[in-house]
Amino acid sequence: MTSPSHQSLGLGPVAILCVLQDLQLLTALLLPPPSRPNFLIIMADDLGFGDLGCYGNTTLRTPNIDRLAEDGVRLTQHLAAASMCTPSRAAFLTGRYPVRSGMASTWGPRVLQWAAGAAGLPPEEVTFARVLQERGYTTGLVGKWHLGLSCSSRSDLCHHPLRHGFAHFLGLPLGMMGDCARAEPSEKRTRLEQGLRWVGRGLAAMAAIMASITLAGRSWALWAVLALGATSATLEVGSRVVGGAVARLDCFLMRGANVTQQPLSLSRLTPLLLREAEDFLQRHAHAPFLLFVSLPHVHTPLVTSPAFQGRSAHRRYGDNVEEMDWVVGRLLSALDRGGVADRTLVYFTSDNGGWLEARAGGEQLGGWNGGFRGGKGAGGWEGGVRVPGIFRFPGILPRGRVLAEPTSLMDIFPTVVRLGGGALPEDRVIDGRDLLPLLRGETPRSAHNFLFHYCGDVLHAARWAHRERGKLWKVHFVTPVEDPPGSGSCAGSPESQDAMVCACAGGGVTAHDPPLLFELTSDPGEARPLTLHKEPAFNTILQALSVVPTCLLHASCYDGSGVNV
């Protein structure tokens, strides 16, 4: 029954609900953010856009992340700056496209693969953690880093998290890999094993030829037979032990600057990282903190605790997703126990889309990208760059709000820096935009009119939020060659076999002239390219989306005198 007061206003239940939602939004707008709030940032690894209940999945159970979305703001057009983890994470931490920091590689795996390599996030790059650390925050990173360790010597640790603003670190210098468990799909072990085996067998064949020459009376060939045979045997043995060497040398755990576990104990990893994150939140509840929890979930080899094994409808991948949700729930409970939930901005996302090529024994080991085309590593296709984005800040952000505006993982840098009382660097271009006005409803539009999608250092695609027409245009200059055709995957492409993802350049891509044009509002799956006959403004749109990227490297695009990107 409707109360008399409601009857006198002539309001039905639906209208009452709308009024209450409006009042809730107004209340949030009336409460300014507290000075020096806390930050809990949670990033999944290779999570598909459609793997969560709050993003439409009805077959996986993710109640904790779903509740996080109900209590905050959910973004439906949240975009990674790259469809691979190393460049995406570099952009996320610095607020800059990875081509600006040199963290973009076009050929091969396009991520850091060797812990002993000299590559990594340059020391001169500024992360949001460094800015907040300088403002007196206690900063911590628990989990995956994947942005390098050392430059010229093993001990200089120039790329280490400690050098980029994180005072506390417990985690993996690289990240989870199938090679850590000698499982498929393999990032590098299988390729090394096959290479050693092929060369060894080639040398064995040469030894057989030399042996026939020896039998013909050529004694000089005996030494060649012995040398080739010994080398072949050595390579054969190497092919059998290289997998263990990779697991030991590249899969290890560090606390601060010290290696504490080598090789990595996979079965103990999730409990160890969770305990570390909970302890951090408890120890620093009374001081402003920033904790970045970089989850090993849901990257292969999908190491899942026994309590979650066999529970989901999607085998090993689904089990790992549901365990990830449980971990998020434990972290949120830790905030509640510490009495700091109301002073903490919580953010959940993924570094890129689900990995479609991740299969073993007929089982799909990668995620579902919600009907969007492509996935991890697939250039500018939507499935590789569109990721979940959820913010919760009680009393500061409205509850249950859903935003379809284009936003970027790079936006976290200026948002966190501003809330933490810091200042943006003035000696470099910052591509991210402060999200707080959009999240709070102070502005109805994203600050991004244009966003660009690189594959390595090759510009594959760009999007334009055309406000005057209410359209969201996306143009593809280059696309990967899909195999099987139309699958969004490159699993069968010879050019993609070594990297296990789509190629960025060379024979594994198609350059389009004219470029492919899509309108994402009506065609989010990028299935119906537009032509001049279907879209009268075809040439005008292509011209705008072809000219704007050329100003990306110039300050005039950003200081208000040029195109607002």
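Me: Contact means heavy atoms within 4.5 Å. Of the contacts in the protein with a separation of 6 or more, what percentage comes from residues 24 or more positions apart?

Reply: This is a predicted model. It has 14 helices and 17 strands. Among contacts with a separation of 6 or more, the share from residues 24 or more positions apart is 72%.

Me: What percentage of the residues of the protein count as buried?

Reply: The protein exposes about 23000 Å², and carbon and sulfur atoms supply 58% of that area. Residues count as buried when their relative accessible area is under 20%. Of the 565 residues, the buried share is 57%.

Me: Is Thr-62 buried or exposed?

Reply: Thr-62 sits in the loop between β1 (38–44) and α3 (63–70). Beyond four places in sequence, Thr-62 touches Asp-51, Leu-52, Gly-53, Val-321 and Asp-325. Its relative accessibility is 1%, so Thr-62 counts as buried.

Me: Asp-51 has no salt bridge; which side chain of opposite charge is nearest?

Reply: Asp-51 is buried, and its place is in the loop between β1 and α3. A salt bridge needs a nitrogen and a carboxyl oxygen within 4 Å. The nearest side chain of opposite charge is 12 Å away, and it belongs to Lys-376.

Me: With which side chain does the side chain of Asp-51 make a polar contact?

Reply: The Asp-51 side chain reaches the backbone nitrogen of Gly-48 at 2.8 Å. Contacts of Asp-51 beyond four places in sequence include Asn-57, Leu-60, Thr-62 and Trp-368. At 2.4 Å, the side-chain partner in a polar contact is Tyr-317.

Me: What distance separates the C-alpha atoms of Val-298 and Glu-323?

Reply: Val-298 is in the loop between β7 (289–294) and α10. At 2% relative accessibility, Val-298 is buried. Its contacts beyond four places in sequence include Asp-45, Leu-47, Asn-320 and Met-324. Val-298 and Glu-323 are 25 residues apart along the chain, and their C-alpha atoms are separated by 9.4 Å.

Me: How far apart in sequence are the parts tied together by Arg-330 and Glu-278?

Reply: The two side chains, Arg-330 and Glu-278, meet in a salt bridge at 2.8 Å, N to O. Arg-330 is partly exposed at 31%, whereas Glu-278 is buried at 11%. Arg-330 lies in helix α10 and Glu-278 in helix α9 (residues 266–283), so the sequence separation of the parts they tie together is 52 residues.

Me: In which strand does Glu-363 lie?

Reply: Glu-363 and Arg-315 meet in a salt bridge of 3.7 Å, N to O. Glu-363 is buried at 6% relative accessibility, whereas Arg-315 is exposed at 53%. Arg-315 lies in helix α10, 48 residues away in sequence, and the strand that holds Glu-363 is β10.

Me: How many salt bridges does a search of the whole structure find?

Reply: Asp-427 and Arg-428 form a salt bridge, with their closest N and O atoms 2.9 Å apart. Glu-382, Arg-386, Arg-463, Lys-474 and Glu-526 are linked in a network of salt bridges. Across the whole structure, the number of salt bridges is 24.

Terms used. Residues numbered from 1 in each chain as written. Predicted model: local features only at pLDDT ≥ 70, side-chain atom pairs only at ≥ 80, totals over all residues. Heavy atoms only, no water. Helix = DSSP H or I, 4+ residues; strand = E, 2+ residues; numbered from the N terminus. Buried < 20%, exposed > 50% of the residue type's maximum accessible area, 1.4 Å probe, protein only. Areas by Shrake-Rupley, 256 points an atom, 1.4 Å probe, with all protein chains shown as cover. Lys, Arg positive; Asp, Glu negative; His and termini not counted. Polar contact = N/O pair within 3.5 Å; in protein donor to acceptor, adjacent residues only side chain to side chain.
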